[in-house]
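Hi,

Here is the structure I promised to pass on to you. Have a look at it, and then read on for what turned up in it.

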Amino acid sequence: MKKSIFLLFFFTLTIIQNVLSTPSLGLLLLREWKPASVVTEADINTYSLDSCFQILPISDAVFVRMRGKSYKKDCQIPLSDLRYLKLLHRNANGEPQLGEMVCNKRIASILVKIFRELYEAGYKIERMVLVDDYDAVDEKTMEANNTSAFNYRNVAGAKKLSKHSLGLAVDINPLYNPCYRLRSGKVEPISGKKYVHNRGKRKDIPYKIDHKDLCYKLFRSNGFVWGGDWRSVKDYQHFEYK
Ligand SMILES: [Zn+2]
């Protein structure tokens, strides 16, 4: 009898120990770095905030996602010039969400610094996953309001390579900060049309980038130009490194 009580006690203790040492789902998501996952502040504290902002080489697993999509067959930029960033951002509800980005190694540490400042200031970015999740089709990733950098492609409607091809340009919350071609009247993405006109006075545009915006200020002070300052094309989502 005594032996069975002891065994029961031991068994219960083992279960309690296992439950206590099992990492939460959020912690597992952080360890595996599953982009677009929402996690809690407690999980981040356990994992460490520093680990949520990392610069890594392009791993085989990441390259499998990019190959034939953002990293096209004729891509001129060596993979060794690109970096994979783990970034944390605040989503539409202000919750911490896991993000990722591929960029040029020249701006990797600048981007980590900018996005960390944006995160700590509570700046909202709806989604930040690789464009490859949208087959690297610009219109699709913009419609999804996805923030991104590297994509080997021409400037839309032109034969010139875009700065995104070098991983030296970043598009932020693109649906609400569309690209507007003044001469043709074309807006990209198409659904962004309602966010183009009269932007200066409007208060009904979520994630609006203008000269008062923190995102604008951080990119400008770190050597980027803003597409919203251009004349013939107003590319409100676009920051490129000079
Ligand atoms: Zn852009």
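Gln-54 stands opposite Lys-86, a residue of strand 2. Before going further, please keep in mind that this is a predicted model, in which local features need pLDDT of at least 70 and side-chain atom pairs count only at pLDDT 80 or more, while totals for chains, interfaces and linings use all residues. Residue numbers start from 1 along each chain as its sequence is written.

Strand 1 and strand 2 (residues 82-90) are joined by three bridges in the antiparallel sense. On the terms: strands (E, at least two residues) and helices (H or I, at least four) are DSSP runs, numbered from the N terminus, and two strands pair if DSSP finds at least two bridges between them. Lys-86 also has a bridge partner in strand 3, namely Glu-100. Strand 2 and strand 3 pair over nine bridges, again in the antiparallel sense. These two strands form a hairpin with five residues between them, and Gly-94 in the turn has a positive phi of about 80 degrees.

Together, three strands make an open sheet in the order 1-2-3, with antiparallel pairing. Strand 1 (54-56) and strand 3 (96-104) are the edge strands, each pairing on one side only. From one strand to the next, the twist averages 25 degrees. Helix 5 (residues 108-120) packs on this sheet and touches strand 1, strand 2 and strand 3; its direction makes about 5 degrees with that of strand 2. Here, contact needs C-beta atoms, placed from the backbone, within 7 Å; axes are lines fitted to C-alpha atoms, for helices over the stretch in contact, and angles run from 0 to 180 degrees between N-to-C directions.

Is strand 3 enclosed or open to the outside? Nine of its nine residues are buried, so strand 3 is largely enclosed by the rest of the structure. A residue is buried if 20 or more other C-beta atoms lie within 10 Å of its own, exposed if 12 or fewer, and partly exposed in between, with C-beta atoms placed from the backbone.

A few spots in the loops are also worth a look. Ser-48, between helix 3 and strand 1, has a positive phi of about 95 degrees although it is not a glycine. Ser-48 counts as exposed because it has 9 C-beta neighbours inside 10 Å. Asp-135, in the loop between helix 5 and helix 6 (138-143), is not a glycine either, yet has a positive phi of about 55 degrees. Finally, a cis peptide bond joins Glu-188 and Pro-189, with omega about -5 degrees.

Best wishes

Definitions and conventions:
Two residues are in contact if their C-beta atoms, placed from the backbone, lie within 7 Å.
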